[in-house]
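Dear colleague,

I am passing on the structure we spoke about, and it is placed just below. My notes on it follow, and I would be glad if you read them beside the coordinates.

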Amino acid sequence: MMILLLVLPLAAALLMLLWPRIAPLLALFSAAVCSFLALQLLLQVSEQGTRYWLLAGWPSGLAIAWQADTLSCLLILLTAVLQLLVGFYAFATRARDKLSQGFWPLSSLLQLSLTALWLSRDLFNLYVCLELLALVAVALVSLSGRKAIKPALNYLLLSLFGSLCYLLGVVLLYGAYGRLDIAGLVSQWQPNLLTNSALLLMSLGLMLKAALWPLHGWLPAAHAAAPAPVSALLSALVVKGPLFILCLLWLQLASTEQAQAMAPLFAGAGLAALLFGGWSALRTPFAKNLVAYSTVAQLGYATLALGLMLKFDQPLIFAALWLFVLAHALAKAACFLAIGEMSGTLGGKRLTTLKGASQTMPLAMFAFAVAGGSLIGLPPSGGFLAKWALLQGLWLQEQQLFWPLALVLATLLSAAYVFRVVVLAFDRADPVAPDFSPQVLPQWLALLPALAVWAMALFSEPLLLLLRLEAL
Amino acid sequence: MSLLLFDVLLCGLLLALALASVLSRQLSHAVILYIAFGLLMALTWARLAAPDLALAEAAIGAGLTGALCFTALARQGKLAASPTLSWQQRCWPALFVLVTLFGLLLLVLQLPAKPGPLPALVMQQLAASGVSHPVTAVLLNFRSWDTLLELLVLLLALLGTLQVAPAPVYQSSWVLSRSWSQLLAPLIIVLAGYLLWAGAHQPGGAFQAGALLAAGAVVLKLNHQLNWLAWRNIWVRFFAIAGLTVFVAAVLTAWLLSGALAEPVWLRWPPELAKYIILLIEIFATLAIAITLTLLVVAEQPATPLSLARQEDDEAADG
């Protein structure tokens with residue numbers, strides 16, 4: 001059954017290229033079926049335990065290794081569901097936004113490449129998935145037409161540089177150990193100059209692709225230039241792919257000494273991302289750039305959690321890392337759809353066009369505020385859940401005052417940039433009049449993921465349990 | 001001794017050409033030097049006993065990439081004067097490259113001299129793979145999932161290009177080059193067919209054959225032949241995705257055929273059919289690669305709905 005998760009999007013994308021007319025229907029159909037299958041897979045894996053595959057049945061080492069653990073299944077489910085939601089949004093706004101037909105096959109291929117990435121446990125296959133992901137993302141950004149060509153090209157070049165760095169690391173490891181599957185490499189791993197440099201090179205490439213501070217420079221321009229549904233997909237899903245590989249490398253491959261040595265660097269980069277990303281989000285005059293900078297800041301939480309996980313090796317912190325990713329994906333999809341909807345209807349890219357939006361477009365504004373609540377970490381949202389798990393993990397380690405304090409500061413910053421929008425929206429004295437009467441359905445679609453991120457609280461117990469088990 | 005001299009000369013030339021290409025002031029010169037660099041690189045791969053890579057490098061690295069660069073240059077129209085970089089701006093990248101280079105050299109010296117366990121494993125399992133050339137066996141049997149995704153990467157490159165492709169520039173072609181390109185075409189088809197067939201037991205295969213076919217098609221297309229070869233033609237689209245379609249169909253068929261087993265294995269070819277499945281995939285992959293690469297080089301804005309909406313938008317924005 002699981003094979004259909006990969007075959008369906010691919011077959012749908014190929015058919016869409018032949019008959020562009022039926023593309024939206026095919027995309028929605030494949031995303032819907034995939035969401036259902038992914039849910040089934042998640043239930044199956046959480047009941048029966050992790051599943052392993054050696055593709056084509058060749059002996060280990062020769063074949064590409066796949067692994068479906070609960071984390072992978074959760075991410076596959078998230079990918080399929082967000083794909084479905086964004087597909088619906090694009091379909092609902094197709095008459096107004098005139099999104100190019102190219103969107104549909106590309107979005108299906110995005111789903112395919114991410115699903116392949118979450119499953120793969122082979123360094124070279126991961127590289128191919130990364131390449132695929134980068135090309136899809138760049139093609140999606142360039143859907144905006146001429147104004148997006150420059151950010152798209154920058155994104156492409158930096159992403160290729162990142163891929164090259166990653167590939168160099170893979171080559172070094174293959175030269176040293178003669179194999180590419182992670183399980184096989186772990187059994188022979190020795191901390192020495194070769195593996196150190198390979199890990200560093202791969203991390204450099206992945207950090208560039210995941211837009212982790214200080215290599216985030218390309219992200220705001222690229223994500224802000226893309227059409228709203230594309231920005232939602234890029235911010236929610238695409239940057240998480242390289243992050244996933246980064247976690248695989250440092251949590252599974254690297255030896256304890258290597259991990260300990262790298263921990264402060266990741267934690268520091270995460271903290272810097274939180275502060276600088278938050279500050280830039282406070283300063284930018286454009287609505288979409290604010291959300292994009294907030295992505296940089298929120299990725300800082302994940303980096304910080306990765307650093308702390310490497311340092312303390314505490315399952316709760318690992319769970320916090322992936323809760324951040326899940327909560328951020330849902331919240332950011334809602335933010336981008338809501339902002340896209342508002343700037344489309346109110347007619348302007350600047351933040352000031354959102355003036356009085358709570359009156360003119362209450363639903364979309366509500367979606368943004370609700371999602372923003374999760375970005376800040378207000379209880380009982382998904383963002384709060386993640387932050388709570390992180391703090392709890394830190395409290396279990398004694399004498400840790402610095403990191404909780406830093407988290408509080410970061411929270412205040414994110415509250416500041418979310419309220420910057422909300423305050424403007426409640427300035428009802430002289431609201432910006434909409435260019436046409438606001439559409440209701442797209443606003444509801446923007447609200448859905450925002451509600452979902454608050455609904456994460458209902459599933460907090462099983463989620464924490466599943467993710468904590470994964471860390472062992 | 002003479003071979004050593006040849007190798008030293010080759011290395012020196014490679015370095016010189018690379019530097020000349022990077023430092024040359026005119027982009028067209030840089031491209032020509034880069035093509036020469038690609039040809040010598042192909043020779044280098046051949047000297048390193050990697051004939052598969054040599055073929056691919058000659059066809060793609062030296063041939064098609066050069067053509068791609070030239071068509072891109074031709075569409076630039078009048079080039080804006082490239083900004084002159086200051087001394088410091090040139091220095092930092094150079095420093096970065098030098099440091100990385102020495103670091104990598106240091107690391108390469110640390111690599112163990114003996115090969116890893118995989119080549120032996122490949123040779124051991126080769127008999128069951130359906131082909132006798134190890135590279136083809138790895139590409140289309142042992143690690144066929146990678147190859148499937150790589151085919152997709154190629155298709156995606158085309159899709160991305162079509163999004164931003166500029167309107168075509170009409171230029172007249174030279175009569176002599178047109179007749180020469182027509183003479184060349186049958187020869188290229190025969191050569192590509194040979195390369196494809198040879199892939200089963202010696203260097204060659206779908207990528208090389210496809211690249212060669214594409215080179216022939218590009219020459220014809222630049223001489224205003226093959227006017228049907230455009231993305232708006234549904235048959236062209238059909239064959240551009242044929243490689244992937246056949247691949248997926250083969251995978252699904254093989255998967256269903258092995259359904260009698262308790263746990264069907266994804267991507268596994270039945271050993272007695274493996275040879276024919278691989279040949280079938282290779283034939284359609286060759287066609288798909290040829291068409292995709294050709295369209296990449298001569299990319300024209302398609303008149304299909306793929307970009308119609310955007311074109312209208314752009315016109316509205318311009319007007």
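Which residues have the most contacts inside the largest nonpolar core? In this predicted model, they are A:Trp66, A:Leu123 and B:Trp145, and the core to which they belong has 260 residues. Helix 15 of chain A, which covers residues 315-346, supplies the largest share of this core, namely 24 residues. There is also a second, separate core of five residues, and among its members are B:Leu10, B:Leu14, B:Leu40 and B:Met41.

Turning to chain B as a whole, its secondary structure amounts to 13 helices and zero strands, so the pattern read along the sequence is α-α-α-α-α-α-α-α-α-α-α-α-α. The chain has 319 residues, of which 39% count as buried. When contacts in chain B between residues at least 6 apart in sequence are taken together, 70% of them join residues at least 24 apart.

The UniProt record, an unreviewed entry, places the feature "transmembrane region" at several stretches of chain B, including residues 30-46, 148-170, 206-222 and 234-256. Residues 206-222 of chain B are 100% helix and 0% strand, with the end C-alpha atoms 24 Å apart. Residues 234-256 of chain B are 96% helix and 0% strand, and here the end C-alpha atoms lie 30 Å apart.

In chain A, one helix pair deserves a look. The axes of helix 14 (residues 287-312) of chain A and helix 18 of chain A come within 11 Å and cross at roughly 25°; because angles under 35 degrees count as roughly parallel, helix 14 of chain A and helix 18 of chain A are roughly parallel to each other. The crossing in which helix 14 of chain A passes helix 18 of chain A is left-handed. On the side of helix 14 of chain A the contact is made by A:Tyr301, A:Ala305, A:Leu308 and A:Phe312, while helix 18 of chain A contributes A:Lys387, A:Leu390 and A:Leu394.

Finally, A:Ser381 is found in the loop between helix 17 (362-376) and helix 18 (382-396) of chain A. Is A:Ser381 buried or exposed? Its relative accessible area is 0%, and because buried means under 20%, A:Ser381 counts as buried. Apart from its neighbours within four places in sequence, A:Ser381 is in contact with A:Gly373, A:Ser374, A:Val453 and A:Trp454.

With best regards

Conventions:
Residues are numbered from 1 along each chain as its sequence is written. Chains are lettered from A and ligands numbered from 1 in the order in which they are written. This is a predicted model: local features need pLDDT of at least 70, side-chain atom pairs count only at pLDDT 80 or more; totals for chains, interfaces and linings use all residues. Side-chain values use heavy atoms; hydrogens and water are left out. A nonpolar core is a set of buried Ala, Val, Leu, Ile, Met, Phe, Trp, Tyr and Cys residues joined through side-chain atoms within 4.5 Å. Buried means under 20% relative accessible area, exposed over 50%, partly exposed in between (1.4 Å probe, protein chains only). Helices (H or I, at least four residues) and strands (E, at least two) are DSSP runs, numbered from the N terminus. Contact means heavy atoms within 4.5 Å. UniProt positions are given in the numbering used here, feature names are shortened, and annotations may be inferred rather than shown by experiment. Axes are lines fitted to C-alpha atoms, for helices over the stretch in contact, and angles run from 0 to 180 degrees between N-to-C directions. Angles under 35 degrees count as roughly parallel, over 145 as roughly antiparallel, 65 to 115 as roughly perpendicular and the rest as oblique. A crossing is left-handed if the near helix is turned anticlockwise from the far one by less than a right angle, and right-handed if clockwise.
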